[in-house]
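User: I would like to learn how to read a structure, feature by feature. Can you take me through one?

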Number of protein chains: 2
Amino acid sequence: MTEDDVFRALADASRRMLLDRLHRRDGQSLNELCAGLDMTRQAVTKHLAILQSANLVSVQRRGRERLHFINPVPINDIAERWIGKFQRGHLRALSALKKFLEEDDHE
Amino acid sequence: MTEDDVFRALADASRRMLLDRLHRRDGQSLNELCAGLDMTRQAVTKHLAILQSANLVSVQRRGRERLHFINPVPINDIAERWIGKFQRGHLRALSALKKFLEEDDHE
DNA sequence: TTGACATGCAACCTTTTGGTTGCATAATAT
DNA sequence: ATATTATGCAACCAAAAGGTTGCATGTCAA
């Protein structure tokens with residue numbers, strides 16, 4: 001679950017698509033995530049394992065099914081700690097505002 | 001220079017380190033970027049080529065040197081179009097504000 | 001309890017990736 | 001002119017990535 005794991009997990013289009021699917025509807029089973037894909041179930045299993053070890057997806061067992069849940073935290077972490085570094089100008093001011101919004105309760 | 005190119009370029013720790021170096025000091029030559037690395041110059045050349053084709057780095061020739069310049073646009077694009085999608089709650093409100101700040105001249 | 005369904009595990013294969021070595025070329029300094 | 005510096009190009013190589021097939025296991029329904 002290092003930064004490197006997250007970047008490498010995001011490097012593959014199939015895995016980003018799986019995250020997209022979970023973003024549209026969270027908590028899908030393996031078979032549901034496989035539906036309509038041009039890939040075997042085993043391939044999807046491997047992709048999901050990589051997403052898990054990057055902590056981008058967590059899994060919960062329900063009977064004989066494995067339900068998958070997206071975890072946005074690592075993505076946000078990267079956005080904060082890594083991508084933010086490359087933003088300049090008024091985006092830097094925005095970053096300060098972002099911190100302010102996050103530190104307190106400004107819903 | 002597709003989204004996939006950018007994600008894949010960012011997937012390697014050596015390439016992220018090269019971007020870090022350029023972020024600390026922009027416009028370095030190939031030899032400068034190689035200094036102190038546990039890698040041959042040719043390996044660095046290949047990494048820089050990948051960063052170029054993802055449009056993350058642009059190159060300018062000066063005499064016999066190749067100067068490398070970081071381009072933050074693709075990183076910002078991903079932050080906007082892809083990572084922002086996975087942010088929720090007050091971060092969503094922030095996104096709207098961010099758009100507002102970028103569309104006009106609010107320096 | 002038995003068949004169907006959902007997933008797990010492992011071996012295997014091909015292509016891509018990250019890296020190397022060796023030599024060629026272009027520009028600068030002496 | 002010539003040696004040195006900075007980079008370019010190509011072949012090669014080991015390991016990792018992405019995927020497959022085949023079979024095993026666990027769980028639910030009839």
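Analyst: Helices (H or I, at least four residues) and strands (E, at least two) are DSSP runs, numbered from the N terminus. This is a predicted model, in which local features need pLDDT of at least 70, side-chain atom pairs count only at pLDDT 80 or more, and totals for chains, interfaces and linings use all residues. Residues are numbered from 1 along each chain as its sequence is written, while chains are lettered from A and ligands numbered from 1 in the order in which they are written.

User: Which element gives the most to the surface near DNA strand D?

Analyst: H4(A) does, with four residues.

User: How many residues surround DNA strand D, and which are the closest?

Analyst: First, the rule. A residue is near a molecule or strand if its C-beta atom, placed from the backbone, lies within 6 Å of it. Here 20 residues surround DNA strand D. The closest are Thr40(A), Gly63(A), Arg64(A), Ser29(B) and Asn31(B).

User: How do the residues of that surface divide by class?

Analyst: Ala, Val, Leu, Ile, Met, Phe, Trp, Tyr, Cys and Pro count as nonpolar, Asp, Glu, Lys and Arg as charged, and the others, Gly among them, as polar. The surface near DNA strand D has four nonpolar, nine polar and seven charged residues.

User: Now DNA strand C. Which residues come nearest?

Analyst: There are 21 residues around DNA strand C. Ser29(A), Asn31(A), Thr40(B), Ala43(B) and Gly63(B) come nearest. The largest share of this surface, four residues, comes from H4(B). At least two residues each come from helix H3 (30–34), helix H4 (41–53) and strand S3 (65–70) of chain A, and from H4 of chain B. By class, the surface divides into four nonpolar, nine polar and eight charged residues.

User: Next, sheets. In what order do the three strands of chain B stand?

Analyst: Look for pairs. Two strands pair if DSSP finds at least two bridges between them. In chain B the open sheet has the order S1-S3-S2, with antiparallel pairing. Strand S1 (28–29) and strand S2 (57–62) of chain B are at the edges, with a single partner strand each, so one side of each has no neighbour in the sheet.

User: How many bridges join S1(B) to S3(B)?

Analyst: Two bridges join these antiparallel strands. Gln28(B) stands opposite His68(B). Ser29(B) has Leu67(B) as its bridge partner. H2(B) packs on this sheet and touches S1, S2 and S3 of chain B. The direction of H2(B) makes about 90° with that of S3(B).

User: And how many bridges join S2(B) to S3(B)?

Analyst: Six bridges, and the strands run antiparallel.

User: What is the strand order in chain A?

Analyst: The order is S1-S3-S2, in an open sheet with antiparallel pairing. S1 (28–29) and S2 (57–62) of chain A are the edge strands, and each pairs on one side only. S1(A) and S3(A) are joined by two bridges. Gln28(A) stands opposite His68(A). Helix H2 (residues 13–24) of chain A lies across S1, S2 and S3 of chain A, at about 90° to S3(A).

User: How do I read a helix crossing? At what angle do H2(B) and H4(B) cross?

Analyst: Axes are lines fitted to C-alpha atoms, for helices over the stretch in contact, and angles run from 0 to 180 degrees between N-to-C directions. The axes of H2(B) and H4(B) come within 10 Å and cross at roughly 75°. That makes H2(B) roughly perpendicular to H4(B). Angles under 35 degrees count as roughly parallel, over 145 as roughly antiparallel, 65 to 115 as roughly perpendicular and the rest as oblique.

User: Which residues make the contact?

Analyst: Two residues are in contact if their C-beta atoms, placed from the backbone, lie within 7 Å. H2(B) brings Ser14(B), Arg15(B) and Leu18(B). H4(B) brings His47(B), Leu48(B), Ile50(B) and Leu51(B). By class, the contact of H2(B) with H4(B) has four nonpolar, two polar and one charged residues.
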